[in-house]
Amino acid sequence: MGATDFEKVDRLTYGTAQHFVTKLQAGSSRCAQGDMACLDALLGGQGRRVFRRPLEVVELKAYKELYAKEALRKGHDAGLVLALTAMLQPPHFLYRSELGGVMPVEGTLLRLTDWEYAAALSFLLTRSTPDDAVLDAAAAGTLRAPQGVAAQITRLLASKRGSAGVLDFYERWLGVHEFAEVEKDAKLFPMFDAAFKMAARREFHETVRAEVLAGGSFRNLLLTSKGFVEAKLAAVYGVRAPVPAAQADLGLARAGLLTQVAFLASASKENDTNPLHVAKTIFDQVLCQPFPSPPDNALLVPFTPMPGASRRQNMDLRTAGGACQACHKILNGVAFSFDAYDPIGRHRKKLDGLDIDTSGEFINTRDANGRFANVPEMMRLLAASTQVSECHVMQWLRYSLGRAETDADRPSLARAHEVFAQKGWNVLAMLTELSLSDAFVYRRSTR
């Protein structure tokens with residue numbers, strides 16, 4: 001961090017501390033000058049929230065000394081501001097540390113401290129620092145018991161900010177997390193404005209809430225024909241908009257998140273669809289069966305489109321031989337089934353005046369192989385696949401730990417998937433098990 005960066009941090013933390021002290025001193029919990037018990041409680045309480053653990057004795061002493069010197073120079077409130085500003089600048093606040101306890105538990109493994117575990121759990125579910133209830137649970141030691149963890153997960157997910165982590169996961173899983181930045185050709189799609197994007201994103205979130213946060217089945221995320229329809233989306237889906245906006249059946253052409261506007265528009269270009277990108281997303285994110293990147297000279301290979309042939313037929317011809325054939329034999333049928341949806345997600349039967357062939361086939365998967373007539377049938381193959389459900393657990397592990405899985409994680413993944421299946425593909429039950437797993441609770445020592 002350079003000097004300019006530090007100046008920005010210093011201004012930001014000072015402004016934050018000043019705002020806090022102004023609100024505190026205007027409220028009923030204000031501290032009076034000379035009330036050292038109140039000062040201890042204030043700095044100790046804020047320190048626990050900021051560092052996500054209790055302050056050590058030497059730390060509390062240092063902040064009290066900062067307060068005392070500044071209070072002597074500029075007054076009580078200025079002393080509080082300086083102490084709290086200093087509290088917002090150490091690495092204990094700025095960085096998440098998950099270093100584990102002092103002594104290895106087994107070999108080189110270190111168990112997260114109760115405080116570190118509370119922070120890891122909170123950041124996973126809420127994308128934010130733990131609240132007082134989670135920290136109280138850490139202090140009481142109840143986060144070491146499955147029932148204590150399950151109780152906190154249930155409580156956090158029911159809180160106002162509790163769904164942030166789950167919604168963020170599903171947006172990132174399908175590449176919808178930057179949907180606000182997606183643009184379309186205004187002449188072709190004049191309805192694709194900021195309000196339209198907000199409506200589509202809300203629909204995505206409401207589907208996740210209905211099928212995941214309400215305790216439903218993961219498979220419904222791939223199968224449901226229902227969507228949260230607002231007036232902005234009704235014309236795209238060809239349905240009447242409920243008043244007020246509500247869940248509605250979108251018809252036989254829709255099945256799950258991958259046929260909703262947010263995903264389809266995110267995965268498309270400004271003026272055209274991008275079917276190969278959609279297929280790659282399915283293989284990478286849904287099946288955990290990634291494809292290598294195409295060779296650098298793929299588009300330089302001469303090819304003359306056949307007149308009167310569809311885009312799909314021409315792609316099949318273009319990739320019928322050479323280095324492209326191995327991947328495109330698997331990708332094309334999945335990809336061009338999605339030509340049934342235009343760049344903003346409207347269903348269509350023709351493209352460039354030609355009938356769209358929506359049929360395809362999964363090959364080379366573990367257990368999703370089979371032919372399908374259209375995208376909803378494709379989703380049924382995926383929903384019934386063990387490869388897909390195991391992949392979903394793996395994607396959650398990657399998200400929760402911020403790293404790729406290793407061989408050491410296999411037992412944790414297997415147990416979480418076992419619970420996933422036993423509980424009817426309930427994501428929350430799987431998440432609880434994953435949060436109790438060795439992969440989540442332990443770190444490998446580098447000392």
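E183 is partly exposed, with a relative accessible area of 46%. That residue is a handy place to start, as its side chain meets that of K197 in a salt bridge, at 3.8 Å from N to O. E183 sits in the loop between α9 (164-173) and α10 (194-213) while K197 belongs to helix α10, so the pair ties together parts that are 14 residues apart in sequence. Please keep in mind that this is a predicted model.

**Salt bridges**

- Side chains of opposite charge can pair when their charged atoms come close.
- The count for this model comes to 33 salt bridges.
- R53 and E59 join their side chains in a salt bridge of 2.9 Å, N to O. Both partners are covered: R53 is buried, and so is E59.
- E98 and R96 form another salt bridge, with 2.7 Å between the closest N and O atoms.
- In that pair, E98 is partly exposed at a relative accessible area of 21%, and R96 is also partly exposed, at 45% relative accessibility.
- Which residues are linked in a network of salt bridges? The members are R48, R49, D132 and D136.

- F93, L94 and Y95 make a nonpolar surface patch of about 300 Å².
- Is F93 buried or partly exposed? With a relative accessible area of 30%, F93 is partly exposed, because that class takes in values between under 20% (buried) and over 50% (exposed).

**The cavity**

- The count comes to 1 cavity of 30 Å³ or more.
- How much space lies in the largest cavity? The figure is about 60 Å³.
- The residues that line the largest cavity include L264, A267, S268, T273, N274, P275 and V278.
- Also in that lining are F338, D339, Y341 and D342.
- Sorted by class, the lining of the largest cavity has 6 nonpolar, 3 polar and 2 charged residues.

Methods. Residues are numbered from 1 along each chain as its sequence is written. This is a predicted model: local features need pLDDT of at least 70, side-chain atom pairs count only at pLDDT 80 or more; totals for chains, interfaces and linings use all residues. Side-chain values use heavy atoms; hydrogens and water are left out. Patches are made of residues with over 30% relative accessible area and no salt bridge: like charges are joined within 9 Å, nonpolar side chains (Val, Leu, Ile, Met, Phe, Trp, Tyr) within 5 Å. Accessible areas come from the Shrake-Rupley method with a 1.4 Å probe; for residues, only the protein chains shown count as cover. A salt bridge is a side-chain nitrogen of Lys or Arg within 4 Å of a carboxyl oxygen of Asp or Glu. Buried means under 20% relative accessible area, exposed over 50%, partly exposed in between (1.4 Å probe, protein chains only). Helices (H or I, at least four residues) and strands (E, at least two) are DSSP runs, numbered from the N terminus. On a 1 Å grid over the protein atoms alone, a cavity is a set of points where a 1.4 Å probe fits but cannot get out, and a pocket is an open set with protein on both sides within 12 Å along at least five of seven lines; lining residues have an atom within 4 Å of a point. Grid points are joined across faces, edges and corners, and a volume is the space filled by probe spheres set on the points. Ala, Val, Leu, Ile, Met, Phe, Trp, Tyr, Cys and Pro count as nonpolar, Asp, Glu, Lys and Arg as charged, and the others, Gly among them, as polar.
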